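The structure comes first, and the notes follow by topic.

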Amino acid sequence: MKRLLSLLFCSVILFAAATEQLPQNRIHPDILNKPWKAYWINHPTATFSEYGVFHLRKEFHLEEKPGEFIIHVSADNRYKLYVNGQFVCLGPASGDIMHWRFESIDIGPFLNQGENSIAALVWNFGGLKPIAQLSYKTAFILQGNTAKEELVNSNSTWKILESKAYSPVSGRVPGYFFATGPCDRVDAAQYPWGWNDTGYNDSSWLVPRQLSVGLSVNNGTHIDWGLEPRQIPLMERYDQQFARVRRTKNIEVTAAFLQGKESLTIDANQNVSFLLDQDELTTAYPELIVSKGQGSEIKLTYAEGLYDEKKEKGNRDEVDGKKIIGYSDYFLPDGGDNRKFIPLWFRTWRYVQLDIQTGDESLVIEKLTSEFTGYPFEENASFESDNAGLSRIWETGWRTARLCAGETYYDCPYYEQLQYVGDTRIQALISLYVSGDDRLMRKAIRSFDDSRFNEGLTSSRYPTNTLQVIPPYSLFWVDMIYDYWMHRDDPKFIREFFSGIEAVLGYFIQRIDTGTGMLGKTGYWNFVDGAEEWNRKEANQSGIPGGGLKGNSSILSLQLAYSCKHAAEIFRYFGQSEKATYYENIARRMTKAVKALCLDPANGYIADSPDKNEWSMHAQIFAVLTGVIPKEEQPEFVRRFRNDNRLIQPSLYFRFYLTRALQEAGLSDEFPETLHPWYGMLNMGLTTFPERPDGNRSDCHAWSSSPNYEFLALIAGIKPASPGFKTVIIKPHLGDLKRIKGKMPHPQGTITFSLERIGAYGLKGMIELPQGLSGEFVWKEHSISLTNRKDFHLP
């Protein structure tokens, strides 16, 4: 059940009624098609683009409590909205200037007969803003849905105050790349406590500056922000408690305190410290409530794991002899009662350390908890087997996927919070199979389309205020569209991206080397995978395979063939046979050229480039996926290269494509043999899967969660048999497993399965499909037509 964030910096804890983003059919057509009557407003003297935090409010009278009161709200950079002192929502959902989201909320349940107030905390992180944050200028807008709600429109009837309580603290840790925004330093003595309550005295506040009226991209001759409705639900939020205290200095911290049953008092002029363990990684807003303590400083430091003297994390469960290294928030109490600190943006941690220096007054910590936040994916799938280790991988993988999903998919929640195409393709498939919710995938596909620039390519990550181009990721965007087409019956959505598919592929086709027939020099950063052997110091680039800098890379050439084949299938399905044939021919040209120039007769492998200086598993993977290796030769070929440590090895990320090669070669039963890195990570005390098995950076990278998809799509064998998942094929590959059971969501309902081996070759079990879905069950030489429920016993 959803539990929404309690009032920020409030001396009384109030809980808001459930809030949700309204569907578009409840938005008045004028909101989408005409200029708004509300104005973008900001502080009359503050700068437009520098760091700043602002309080805005308006009081109004209602003759009766409304049954419904719909508003539309947005801000640049971000806002938190309150009605009558209760938290309502946070936004806007991420986008870019021409696709600036607004939330549509019914605040009727929060309103009263008589006097009411609506308030917003708005901030701009300025030059410290996250790389994922685009910005035009600091501003806020709120528009009533119809005439009855327009009395709360943002304009000169509002009041505004620039907060002096907030100052930014660097969110960077030396030696590591960070893309997230700053942390907060909050001086309680400067904070306007009670500012969002009805009846607060705002007589000293200023009248805001009116900028332009709100405009969508459908109207207006000068558009500051192209307003669009939010496409995804509001984030899930629920309360959490810390699991245990791992160590203390000069203080005793009890379990009762962590459970909220008692307060914690720290005497005057003391320096204390304590380390808390969540027991698993989380993304959340820490909530600290204190009384008294004027002159104190409270530092909260967040980390995924602790570091030893060699700056290595090692086993994440271990804390002895280790120290915390991470970003930190600071709160300076003012001596008042029940002062609450919550940072502006969520933090990621398993461990939180509090370092506290009190002044001349003792400090009382009334409560220290947190509130989880993340995209509201529901775990609608399950997978069980006689191998308990797979259950641990499933649980850890799903937690990883959840923490890497917010208003966009994140590569990692601690360091970057960026949506990369390469990561997102894998994350989206996990979402479809485990949750069934496709809204974040749809948003991601559209977002990458919005990122395309004049040469046709997408940005490697989006939204972003710093352009980065990884051409292979543009090809993965085409593959994402193919994935969506296979799993969802949504032809209108797919058609939106025809021109984008052609533009991306056209960029590569124009750069085919006429001499070799392979893909020539493509420019930008041709990252394929994070192999150490591919660090190109001469170009200051990493992850570049042979031929990736100057052209004629077998991997990039075959990836182009792979995506061209997907594009051809899409265009042929939609009746554009000429385009389909064109892309099929491009794919054949690529595979023919690579085989002629890169296949070494001596070792039977595909080299990374015609000069045959480097050999990677990646080239062999794409050689299988594109048919360079004939079908009858693939099983022996895959078995050979999969166990050849002389080849450059794939990362956790690229093992997704290794599994596709196993599947293509008919070796899906061998997939469980490839899971040893995941077992190793679990043995290191990790509660999420990291960027690298032995890495000291990100402990939570969703590209490492691909087994969750494979358990359902490969082991259970549930795949679309036709575009749109209109029919299903279930072809299980149990390997050494004796039994499996579970379920997965389908657009028409739930697919349920229970299978058990009989002897060496037999199988018995049950498959149940949702009403209206038909398909085929395949086990070795047996084939069974499926509708509704089917029980079977195969010898």
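Helix H9 (residues 554-573) packs against helix H11 (residues 617-625) at an angle of about 25°, their axes lying 9 Å apart. That angle makes H9 roughly parallel to H11, where roughly parallel covers angles under 35 degrees. This is a predicted model, in which local features need pLDDT of at least 70 and side-chain atom pairs count only at pLDDT 80 or more, while totals for chains, interfaces and linings use all residues. Residues are numbered from 1 along each chain as its sequence is written, and side-chain values use heavy atoms, with hydrogens and water left out.

**Helix pairs**
- Helices (H or I, at least four residues) and strands (E, at least two) are DSSP runs, numbered from the N terminus.
- Axes are lines fitted to C-alpha atoms, for helices over the stretch in contact, and angles run from 0 to 180 degrees between N-to-C directions.
- H9 and H11 cross in a left-handed sense, meaning that the near helix is turned anticlockwise from the far one by less than a right angle; clockwise is right-handed.
- H9 contributes Ser554, Ile555, Leu558, Gln559 and Tyr562 to the contact, and H11 contributes His618, Ala619, Phe622, Ala623 and Leu625; contact means heavy atoms within 4.5 Å.
- By class, the contact of H9 with H11 has seven nonpolar, three polar and no charged residues.
- The axes of helix H13 (residues 655-664) and helix H15 (residues 706-715) come within 11 Å and cross at roughly 15°, so H13 is roughly parallel to H15.
- The crossing of H13 and H15 is right-handed.
- Phe656, Thr659, Arg660 and Gln663 of H13 meet Ser706, Tyr709, Glu710 and Leu714 of H15.

**Nonpolar cores**
- A nonpolar core is a set of buried Ala, Val, Leu, Ile, Met, Phe, Trp, Tyr and Cys residues joined through side-chain atoms within 4.5 Å.
- The largest nonpolar core holds 149 residues, of which Phe641 and Phe777 touch the most other members.
- A second, separate core of 64 residues includes Ile266, Ile325, Tyr327 and Cys700.

- Glycine 422, in helix H4 (residues 421-434), counts as buried because its relative accessibility is 0%; buried means under 20% relative accessible area, exposed over 50%, partly exposed in between (1.4 Å probe, protein chains only).
- Leaving aside neighbours within four places in sequence, glycine 422 contacts Tyr473, Phe476 and Tyr653.
- Threonine 373, in strand S22 (residues 363-374), is also buried, at 7% relative accessibility.

Methods: Angles under 35 degrees count as roughly parallel, over 145 as roughly antiparallel, 65 to 115 as roughly perpendicular and the rest as oblique. Ala, Val, Leu, Ile, Met, Phe, Trp, Tyr, Cys and Pro count as nonpolar, Asp, Glu, Lys and Arg as charged, and the others, Gly among them, as polar.
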